[in-house]
Amino acid sequence: MKRYVYINDNESSHELYCDNRISNRKYTVLNFLPKNLWEQFSRFMNQYFLLIACLQLWSLITPVNPASTWGPLIFIFAVSASKEAWDDYNRYLSDKKANEKLVWVVRQGIRKHIQAQDIHVGNIVWLRENDEVPCDLVLIGTSDPQGLCYVETAALDGETDLKTRVIPSACMGIDFELLHKIKGVIECPNPDKDITRFDANLRLFPPFIDNDVCPLTIKNTILQSCYLRNTEWACGVAVYTGNETKLGMSRGIPEPKLTAMDAMIDKLTGAIFVFQIVVVMVLGIAGNVWKDTEARKQWYVQYPIEGPWYELLVIPLRFELLCSIMIPISIKVSLDLVKSLYAKFIDWDTEMIDYETGIPSHATNTAISEDLGQVEYIMTDKTGTLTENRMIFRRCCISGVFYGNESGDALKDTKLLNAVAGSSPDVVQFLTVMAICNTVVPIKSKTGAISYKAQSQDEDALVNAAAQLHMVYANKTANILEIRFNGSVIKYEVLEILEFTSDRKRMSVVVKDCQNGKIVLLSKGADEAILPYAYVGQQTRTFIEAVEQYAQLGLRTLCLACRELREDEYQEWSLLFKEASSTLVDREWRIAEVCQRLEHDFEVLGVTAIEDRLQDGVPETIETLRKAGINFWMLTGDKQNTAIQIALSCNFISPEPKGQLLLIDGKTEDEVCRSLERVLLTMRITSSEPKDVAFVVDGWALEIALKHYRKAFTELAILSRTAICCRVTPSQKAQLVELLKSCDYRTLAIGDGGNDVRMIQQADIGVGISGREGLQAARAADYSIGKFRFLKRLILVHGRYSYNRTAFLSQYSFYKSLVICFIQIFFSFISGVSGTSLFNSVSLMAYNVFYTSVPVLVSVLDKDLSEGTVMQHPQILFYCQAGRLLNPSTFAGWFGRSLFHAIVVFVITIHAYAYEKSEMEELSMVALSGCIWLQAFVVALETNSFTILQHLAIWGNLVAFYVINWIFSAIPASGMYTIMFRLCRQLSYWITMSVSFTLSVF
Amino acid sequence: MDTNGATTSSTAGGGSTSKSSSKKHSRKPVYSRFTQQELPACKPILTPGLVIATFTIIGIIFIPLGLVSLSASEKVVVEIVDRYDESCVPSNYSNDKLKFIQNPSINKSCVRTLTVPKLMKSPVFIYYQLDNYYQNHRRYVKSRSDKQLRSVSDEKSTTDCSPEDKTVDGPIVPCGLVAWSLFNDTYWFSVNSKTIEVNKHDIAWKSDKEHKFGSNVYPKNFQSGGLIGGAKLNSSVPLSKQEDLMVWMRTAALPTFRKLYGKIEQDLQANEKIQVVIQNNYNTYSFSGKKKLVLSTTSWIGGKNDFLGIAYIIVGGLCLFLAVCFILLYVIKPRPLGDPSYLSWNRSPAGHPN
């Protein structure tokens, strides 16, 4: 379970751990063909086509030239194989580039320039500024005297801000030269993909002996693919290499998502397959019976009296081959092609460009556009998704005094400004917490201006606000913070940082005032994480009121608190904390427990209120999409009141009396159960009324409900069109998505931050907002958009069009295959059920892959209704949601249509070309022309808007049909020689065409 | 008092912002009407008026067309059809026709008298018609070698021809079941004991004579095996001159078919009695097929075929009928086009499907 990394030991690790060769490749040159073929043949459709193609090699049973199946099959396989090969080759190139990059590594005590792929676990790697980190390293030295270095982790988690990393305390102060000779052991867990945790220990060997093991955290590491910034050099010990790095482990091919439509098409394909088997069996039996009763009498056929043992199988197999075209070989290729075009249309859409950042929308997953048109539930995050995630400090309440209530902006409140100017102790203390209780890094530019690097938008807002109130967080050198207040400089030494976790919901710092040596704990956090821990006797009533009042306004609140620590109390606690920080098992939980020992008896200083404005167009978008029959659930980590306020302001829920909010709460199972049942009862009653009923549930109650009352909660979820889930964790978000998916709803999850990633991956469609919380969500998502309001266009325009187009295209593909197949079946009844193909091989192949697929491909440009109409009447989406355009009954319609058209073409052809005209080649060409005319007619009828491309494809295809056949008719060696010329000269040919064309209208 | 400094943005540094924004700029999609799906399009709407007009026009055009072609086939084309397979079997063999046809020593000639119903203008085409004969049977239709027919060098390509592919003396030319089963009844026409010339030239397709059947390919080992199928071929005449073979080898797609036998290049007067001496050699008795002799003139739509005319009249009639129905529907229950109150969500008062 653990790995021991011996620093600078060149030999021992070689067999144990892999070298640093990165490989993202799926194939090698040798295994490409077998592996790729194996992968392609694991799909049912391909197996089927291969079987057909193999059967066709048996000339006794093949009705047509084997090339008519092998050609398209090889083409299709070649296309997807070369796409794979190209992707893999590119991966190989980028791997090669990374593997052969030269890095400085210590070998036998000397720094050498070697290729990145030769790094082994335990090697010491030297990096210079702006170098990319070649493998996961534990820092042991940097150019910074305090042992700090800055890394950009954008490639890892998408966050663009710089992160500070620090060398472990044991390595502090080791001389530059000595670093080459350092020896020791790092005890770390086996490779995993958690980029936020690294629970390890370091012990150095003599002469670097340090008394005890030194705990290592993720703060002491720099991970593969990060960049070293603002640091002259850094060096570290390789702990994970090659594909075993944190990045390498988290790599992996995500499960391909299957759209509802794909599933339906597969189902219909299965149905057609069954139908085909039935047809083959019936015709096979009929053929054998006919052969025994009739064909033996026909001397000119010369049936042998005694056939081979497999004789009974021959006719059924012939029919199997004849009917194999029922399942169109082209459908997979056509669908892949149009789907990638749908995705391109999304990428290209200028109306979905975020003009503030210039980021266009992007479809990462090109295969699921149709699902967008069938969304039934949207699960949305709040912060950064509905809101802008641009935090602005608006109000505060310090020691019971409310600031900013009149003007709406505390920074302009003269009362507060006066208090600041007068250095009122409460206010100063409050501002101090605002300024330094955080993980912000101030960066001084050359002009002297200070900018802040913050990981959280709230901290950024607070520090900036404090700076405007003259409490400027000016500098941070190692552990010494420098703040300037009203001209004086105050220095603090940071002793510990108790980091924020979503479980604790607060963070604290322990600082030592350098002026008087007092040790103070400064905390900030959610109200329920701070206020209950106030010291006995403090009146927190005003703070509770303040929190409520701010939440009513939709503001985010944070409570600030502090506590003075005694020296011995701190020392005692510090040991516990250190111990907890170096545990390998359950470290997070242990730390939380230790923190709890310090974070109590707070003196609550006040409450801050931060505004997070709604994004443009959010209310309209939600209203439109709700009209389109889409249900919205808001899943947020924020508190209930804030969530409800935001929900109200963005049309999520209607205010009383039109809307009604039902609360599910409770701390115990019984309470939750009771309130759940009550809500369910109300919901059942009101579900018939035109009233907006929404339920609100918090994380705690949700946990209980999901665990013990899953059934009742599921029923509630189905009944309720709107829900607000607040205080939920990322995994609960994913659970809720899972719950709705298990009820067979199409879900779309939209979010912007790392906490939404799991929900986004879980949902049928994940949409990420490339927002201020980094690109993590956008990377994990199927679609990334710049603003929430683009969702409307994504669903109503792109989703709907994609759905309509695919519905037509897939059903049409079956239609055209069925038409020609039915004609073949009818023909078999007048050819002695012997399995003769009416059409020749060339025509059959061209019909499937050329004549009929080109016109239908342009249906991707078809628009049944204009974008404006759809936006105005979003209810139109009901059609797509309910799957009205592709379901067994519409498919039956197409099936009937193909049967009718086949009958029309066949009956007219054999009657118009009877007796002396019934020449095989001619008759087959008449029937084929009939099919081509009909399919042109069907495409034209089903097309709603004709652009120049559609005209070109439909009518051009018709012309192409004649041109191609004229060419074939001009080749003496072909069976069709002169046929088409003869036909085109016959008046009766054109009359036949016009009759079949007209009859198909009915 | 460094308030200015503190208010600077806390996002990424200045340099990287401009770099990344310029990079993002290039990612911006290029505007074109295609990429925005805004190509100019016409959207034909099937309004009631348009539909009614279309149907009416089709009806008005189709019914006269149908009448014209029907009359062409009924009035212009004169056709005599005479089934002779039954009557050409002597009565003593009528219970065992197979024995009759398979016995080479019996004289197979047979005399039929045909009456010309109406004046038949030259050229009069002579066809033989076979019923219940499956030239389109899979075993049969594939049993030929076009290569071999075309050139003498491909004489040996007889793979598809089995079982009539070769004899002990070498490959059969022309090989295969199709050629082997060549029709071998012959007809001899006379009016008032005066022979009518039957022109047997140019009965095959020109393209067949010129390209499909080689002028230097001569029949070889044909009908010399154990089983004798149909006609024999004169092995001194090249295939390109064997027009009966060419006609026969244009296999029919239907089990009932006519093939051209020859042309009579003189007018046949009404009520003339034509004597036909038939050599009834071809075996259709084993599978109860029928043989018919057909004399026919042609018109602009070809031979006698009422089907297209009737089809036209039916389709035209249907169109007119539908047009009338639509007009009635339109008059009785008019419905304004594009009225949103007909939309499904506006019709149901509940509004939402929940």
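## Layout of chain A

Which domains is chain A divided into? In this predicted model, chain A has domain 1 (119-251), domain 2 (330-346 + 796-1001), domain 3 (355-386 + 614-794) and domain 4 (393-612). The C-alpha centres of domain 1 and domain 3 of chain A are 40 Å apart.

The UniProt record, an unreviewed entry, carries the annotation "domain: P-type ATPase C-terminal" for residues 778-1001 of chain A. Helix makes up 71% of that stretch, residues 778-1001 of chain A, and strand 2%. Its end C-alpha atoms lie 49 Å apart.

## Interface of chain B and chain A

Here 86 residues of chain B contact 106 residues of chain A. The two chains bury about 8100 Å² between them. Carbon and sulfur atoms account for 62% of that area. In chain B, the residues losing the most area to chain A are B:Gln37, B:Arg138 and B:Trp345. Together they give 10% of what that side buries.

Polar links also cross the interface. There are 25 residue pairs in polar contact, both at pLDDT 80 or more. One salt bridge is found between chain B and chain A. The side chains of B:Arg250 and A:Glu919 meet in a salt bridge, at 3.2 Å from N to O. On the side of chain B that touches chain A, helix 10 (residues 307-332) gives the most, with eight residues.

## A buried lysine in chain B

B:Lys292 sits in strand 12 (residues 290-296) of chain B. Is B:Lys292 buried or exposed? B:Lys292 counts as buried because its relative accessibility is 17%, and the cut-off for buried is under 20%.

Leaving aside residues up to four places away in sequence, B:Lys292 touches B:Val81, B:Asp82, B:Arg83, B:Tyr84, B:Tyr127, B:Tyr128, B:Gln129 and B:Asp131.

Key. Residues are numbered from 1 along each chain as its sequence is written. Chains are lettered from A and ligands numbered from 1 in the order in which they are written. This is a predicted model: local features need pLDDT of at least 70, side-chain atom pairs count only at pLDDT 80 or more; totals for chains, interfaces and linings use all residues. Side-chain values use heavy atoms; hydrogens and water are left out. Helices (H or I, at least four residues) and strands (E, at least two) are DSSP runs, numbered from the N terminus. Buried means under 20% relative accessible area, exposed over 50%, partly exposed in between (1.4 Å probe, protein chains only). Contact means heavy atoms within 4.5 Å. UniProt positions are given in the numbering used here, feature names are shortened, and annotations may be inferred rather than shown by experiment. Domain bounds come from an automatic or database domain assignment. Buried area is the accessible area (1.4 Å probe) that two parts lose on being put together, summed over both. A salt bridge is a side-chain nitrogen of Lys or Arg within 4 Å of a carboxyl oxygen of Asp or Glu. A polar contact is a pair of N or O atoms within 3.5 Å; within protein, one must be able to donate a hydrogen and the other to accept it, and residues adjacent in sequence count only if both atoms are side-chain atoms.
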